[in-house]
Amino acid sequence: MEEFDFLVIGGGPGGYVGAIRAAQLGLKTACIESRGTLGGTCLNVGCIPSKALLHSSDLYKKAKTEFKNIGININEPSLDLAKMMSHKAKGVEGLTKGIEFLFKKNKITYIKGFGSFKDKNTISVIDQSNNQKDYKFKNAIIATGSVPTSLPNIEIDEKTVVSSTGALNLSSVPKKLVVVGGGYIGLEMGSVWLRLGAEVQVIEYLDYITPGMDREVSDAFLKILQKQGMQFNLSTKVISVKKNKNGATVTVEKNGAKSDINCDIVLMSVGRKPNTVGLNLDKIGVKLDSKGRIETDHKYKTNLDNIYAIGDVIDGPMLAHKAEEEGIAIAELLSGKSGHVNYNVIPGVIYTSPEVASVGKTEEQLKEQKISYKIGKFPFAANARAKINDEGDGFVKILADEKTDRVLGVHMIGPDVGNMIAEIALAMEFGASAEDIARTCHAHPTYAEAIKEAALAVDKRAIHF
């Protein structure tokens, strides 16, 4: 029976990145993946295909409504949804094959099939032909990711009631799409179909969208989306979803009054849960917490000495880049190095238009923790590049320690902030102050100048506002 030093279950961002790093460090490495392609949810049915549709739909919308404003006259653009979906699929296929190439380059054994624990040192894999083969391991890493959740008694069929997976593969633009949940995924997918012509109505149980985001940014984001035509039912509870011949009827309750919303498609976007079903964790005694996540120590070790877990199956934000960092960290730790993840500097991005990005503490968290802080804000309406490109919605907000000036958190809504947040993550990793950012020369004209101006504003000395 073949034995590996580093055996990963799951070929998503955490699993495949961890496998590559382990192989680089000289560990005999294998990765088990049941999907048939590497890259996990992120690459196959998540981050990557959604960004393809966000990009394509944004170009379509601009061609329809904005090009004429800047002197570009074209005939009325028409939508070829099948071709748009084909473009998305082609990109995904190329990237998944790219990971297979990296596995071959790094001499990683790629095991296709569903893996489960036979005992504390053996994983049994059943392939697509139902053949079974066992593998021994010195260390196993669980990196099986997460799956969409729904509400009680609401079944996702991926046809009428869809998860994000189904929303990425609709064969036609729905006349009306109801999105249940006002979080990152629901708003991104809602934006795609809104741009392509659907009426989109979001139902959110809370009285605000994007839970966990800095509230000032969240409120500004809501107003921008409403201006774009997205409808919102806040403080609203979903009672039931009933399918019918025309689509579905969503029954909701607000302030004690019930009402029905008819639509073609319902997107359930109420969160995700760890994907641990079928791994036989109970058989070998791996402990889970009350939320079904695998319990680990600060070095990703479970209660069993040679079994580890990373990514969405453990505590922390369910983000691909968080899983990647943990994959690298565990490979380095098991190679005798000092693997580490700074959880205070993990950025989050919503890839709508405009984008929303954040890293570090929100203003609400600082108040709750009784940390004294200063605020510096700068609007994109006063940024030359954003203004000339008609992208003036949004702002940059910097939160700095009142005494030390150290940057504690930054929150942005505006053009290309998903890329701009990297500057802040790097600054915070090195313990930068707002003054450090303010005194760093930024190229002109760029969107990033808004960061410099916000840093200047912490000390009440912004130049252009």
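Let's start with Lys377, which counts as partly exposed at 36% relative accessibility (buried means under 20% relative accessible area, exposed over 50%, and partly exposed in between, with a 1.4 Å probe and protein chains only). This is a predicted model, so local features need pLDDT of at least 70 and side-chain atom pairs count only at pLDDT 80 or more, while totals for chains, interfaces and linings use all residues. Residues are numbered from 1 along each chain as its sequence is written, and side-chain values use heavy atoms, with hydrogens and water left out.

So who does Lys377 pair up with? Its side chain meets that of Glu216 in a salt bridge, 2.4 Å from N to O (a side-chain nitrogen of Lys or Arg within 4 Å of a carboxyl oxygen of Asp or Glu). Lys377 sits in strand E20 (residues 373-379) and Glu216 in helix H7, so this pair ties together parts that are 161 residues apart in sequence. Those element names are DSSP runs numbered from the N terminus: helices are H or I with at least four residues, strands are E with at least two. Glu216 is partly exposed too, with a relative accessible area of 27%.

## More charged pairs

Side chains of opposite charge can pair when their charged atoms come close. How many salt bridges does the count come to? The count is 25.

Another of them joins the side chains of Lys227 and Asp393, at 3.2 Å from N to O. It also links distant parts of the chain: Lys227 is in helix H7, and Asp393 is in the loop between helix H11 (384-388) and strand E21 (395-401), 166 residues apart. Lys227 is exposed, with a relative accessible area of 59%, whereas Asp393 is partly exposed at 31%. Salt bridges that share partners also build one network out of Asp214, Glu216, Glu363, Lys367, Lys377 and Lys397.

Then there's Arg215, whose side chain meets that of Asp207 in a salt bridge of 3.8 Å, N to O. Arg215 is partly exposed with a relative accessible area of 28%, and so is Asp207, at 46%.

## The second largest pocket

Which residues lie nearest the centre of the second largest pocket? They are Asp58, Lys62, Glu66, Ser353 and Glu391, out of 30 lining residues. Helix H3 (47-65) and helix H7 (215-228) are the elements that give two or more residues to this lining, and H3 gives the most, with seven. On a 1 Å grid over the protein atoms alone, a pocket is an open set of points with protein on both sides within 12 Å along at least five of seven lines, and lining residues have an atom within 4 Å of a point.

H3 has buried residues as well, among them Leu53, Leu54, Asp58 and Tyr60.

Most residues other than glycine have a negative phi, and most peptide bonds are trans. Ser353, from the pocket centre, is joined to Pro354 by a cis peptide bond with omega of about 5°. Pro354 lies in the loop between strand E18 (348-350) and strand E19 (355-360). The bond from His444 to Pro445 is cis as well, with omega near 0°. Pro445 has its place in the loop between helix H13 (434-438) and helix H14 (449-458).

Lys107 isn't a glycine, yet its phi is positive, near 60°. You'll find Lys107 in the loop between H4 and strand E3 (109-112), exposed with a relative accessible area of 72%. Asn130 has a positive phi of about 70°, sits in the loop between strand E5 (122-126) and strand E6 (132-142), and counts as exposed at 63%.

Terms used:
1 Å grid on protein atoms, 1.4 Å probe; cavity = no way out; pocket = protein on both sides within 12 Å on 5 of 7 lines; lining within 4 Å.
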